Amino acid sequence: MNVRSQISMVFHLDKCIGCHTCSIACKNIWTDRRGTEYMWWNNVETKPGTGYPAKWEDQEKFKGGWEKQNGKIRLKSTGKGRIVTNIFHNPHMPSMDDYYEPWTYDYQHLFNAPEGPDQPTAKPISMVTGDYIDIESGPNWDDDLGGSPVYGKNDPNLEGLTEEQKLQLFSIEQLVFFYFPRICNHCMNPACVASCPSGALYKRGEDGIVLVDQKRCRAWRSCIAACPYKKVFFNWFTGKSEKCILCYPRLETGQAPACFHSCVGRIRYLGVVLYDADRLEAVANLPKEQLIDGQRDLILDPTDEHVLEGARKNGIPDSVVKAAQESPVYQFVKVWKLALPPHIEFRTLPMLFYVPPMAPVMANRKNGALNSVSDNLFHDIDDARVPMRFLANLFGAGQEGKVAYALRKQKAVRWYRRAVTVGDVDLETAERMLREADCTIKEAMAIYELTSLCTFEQRFVIPPMYREKALEALRDPHEVKQSAGFGFLSGPRRGM
Amino acid sequence: MHNDHGVVVTRAVVSARIPPGVCIQYHSPERTFSVPKSPLRNDRRAGGHNSLTRTRLKPNFLAGGYGQFTFHFNYWGPIGCNRDTHILVRKLPVLKW
Ligand code: SF4
Ligand code: SF4
């Protein structure tokens, strides 16, 4: 056993209100520099939708992530023999059209416009060329099902849905959508790190945060093609790749990352998990249907004696182990099995997990009404407006069972609390539901508390980071934001 | 969008959320940015979110000192549910700033 610690995350999608506060917090801190205008390290997508960059989930198009070949896994996008042929043009690299051309408005014109018969208006100008542009897309172009005949209908997760289900998903009074906030998953088996010919990307030993060394990056951009979540971006001004740094300067001073801290819906949880690095390769190689259980299995019980011993042997400080014991992520992912990895079939083993959203029921059951006194207390989960297949494609590596388990448990907890506080459901039925959903009363109360009553300290359990013991000497990234990358010793320069 | 009362030039989004024959305009941005000129207004700048509706005040709107009558005269006007009206939607033939 090779025990490692990682700062890991859970997003509770039932709580996301799609306000984009997280994206703006991130943008204001990290990507308001030249060359980063188009980057959204944190973005919030509407599902069904094609997201940002458009259709990033379609690996036929982008060739991100890993694939199994001859009993091993290999990168889809690149390999030793292919780097050279793709130097000048990688056909699977997202282009500006797949993201969007960033723009601002010519506000000066409002002050400088000559006198005329009409009031002046600030025209949109490109932040790349500085010329006037006609805006054709944006980072959140399909927000709230905007343009659904083009965007929603082309969501790759619709695969396997019946024609009837697809039709329902986009017809008035039956449609539904939910929000899907995304950051870098700081994967256990990051494709971006594996793809870099210069070895510029690395996963920090002490907390698993995946970073791009701005000094070593040589603009190969292999990482951009390799990341199946399209969460590495190329800075066209410095000529270096950049990505979400999980606000490590904030974490090192005990603060939650900005998107977590500012989250209005309080959907975000952050905590340490311990995992076994020895079995990582074998798990990444498992058949698709075993990946979720395999990854859960890699996550170790932080109270187990053997694990504690292994942690000590690997030099993981006691305070980090203590944080792992209090980790909300451990509860959601491993104990309650409520949180699921997004598209684990890409085999990067993402360390950001999602609690799938509950949805309204279909309004068009037989005879126009739902039979709510059915013996099957969970019928509305199978009849939910978001088809189970859709959620399974997104969070279950295609398996509906994993998603159904999480939704049934969530529903049982709600009904149990309803029985306790409102009293219009009898306690006996509620307890039967808990049993059927594989949940005890104690667990239900714990889920309820961490979901609804959680304090800041319960949501973000941040261990001391011991940076004084780490190798790199860092400069304060807030101080050198315009000239350097993220706290590296000298400013990034374009070229080799 | 236009009717016998005014013109608004704005970006349109087609969505499964909005039934055919219906348009919804949120409380909208000011004309100070990204609003082109409209041929329906003899190439003058198109209007804003108040252009298509008339201000018909009922006396009981004035009761209670609510925000819409106390902040700025731009805010004078009936609330959303009293602002439904008939409009025509056309694609802008040429973009003129
Ligand atoms: S999400 Fe992408 S960028 Fe982040 S660690 Fe995984 S592969 Fe790398
Ligand atoms: S701030 Fe929180 S609630 Fe708002 S969009 Fe972001 S993740 Fe969702």
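Guide: Let us begin with two terms. Two strands pair if DSSP finds at least two bridges between them. Helices (H or I, at least four residues) and strands (E, at least two) are DSSP runs, numbered from the N terminus. This is a predicted model, in which local features need pLDDT of at least 70 and side-chain atom pairs count only at pLDDT 80 or more, while totals for chains, interfaces and linings use all residues. Residues are numbered from 1 along each chain as its sequence is written, chains are lettered from A and ligands numbered from 1 in the order in which they are written, and side-chain values use heavy atoms, with hydrogens and water left out.

Visitor: Which residue is the bridge partner of Val232(A) in β11(A)?

Guide: Lys243(A) is the partner of Val232(A). Strands β10(A) and β11(A), the latter covering residues 240-243, run antiparallel and are joined by four bridges. Four residues lie between the strands of this hairpin, and Gly239(A) takes a positive phi near 75°.

Visitor: Which way do the residues of β10(A) point?

Guide: Val232(A) and Phe234(A) point one way, Phe233(A) and Asn235(A) the other, and all are buried. Buried means under 20% relative accessible area, exposed over 50%, and partly exposed in between (1.4 Å probe, protein chains only). Over the ring of Phe234(A) sits the charged end of Arg221(A), 4.5 Å from the ring centre. The rule for this is NZ of Lys or CZ of Arg within 6 Å of the ring centre and within 35 degrees of the ring normal.

Visitor: Turning to aromatics, how many aromatic pairs are there over all chains?

Guide: The count comes to 24. Rings of Phe, Tyr and Trp (its six-membered ring) pair if their centres lie within 6.5 Å; planes under 30 degrees apart count as stacked, over 60 as edge-to-face and the rest as tilted. One stacked pair is Tyr52(A) with Phe233(A), at 6.2 Å centre to centre and 25° between the planes.

Visitor: Why does that pair tie together parts that are apart in sequence?

Guide: Tyr52(A) lies in the loop between β2 and α2 of chain A and Phe233(A) in strand β10 of chain A, so the pair ties together parts 181 residues apart in sequence. Both Tyr52(A) and Phe233(A) are buried.

Visitor: And what of Phe178(A) and Phe390(A)?

Guide: Their ring centres are 6.3 Å apart and their planes at 80°, so that pair is edge-to-face. Phe178(A) is in strand β7 and Phe390(A) in helix α16 of chain A, 212 residues apart. Phe178(A) is buried, with a relative accessible area of 6%, and Phe390(A) is buried at 1%.

Visitor: On to sheets: what is the strand order in the open sheet of four strands?

Guide: The order is β13-β12-β1-β14 in chain A, with mixed pairing. Strands β13 and β14 of chain A each have a single partner strand, so one side of each is left without a neighbour in the sheet. β12(A) and β13(A) pair in the antiparallel sense over two bridges, and Leu274(A) has Leu300(A) as its bridge partner in β13(A).

Visitor: Which helix lies across those strands?

Guide: Helix α14 (residues 328-335) of chain A lies across β1, β12, β13 and β14 of chain A, at about 70° to β12(A). For such angles, axes are lines fitted to C-alpha atoms, for helices over the stretch in contact (heavy atoms within 4.5 Å), and angles run from 0 to 180 degrees between N-to-C directions.
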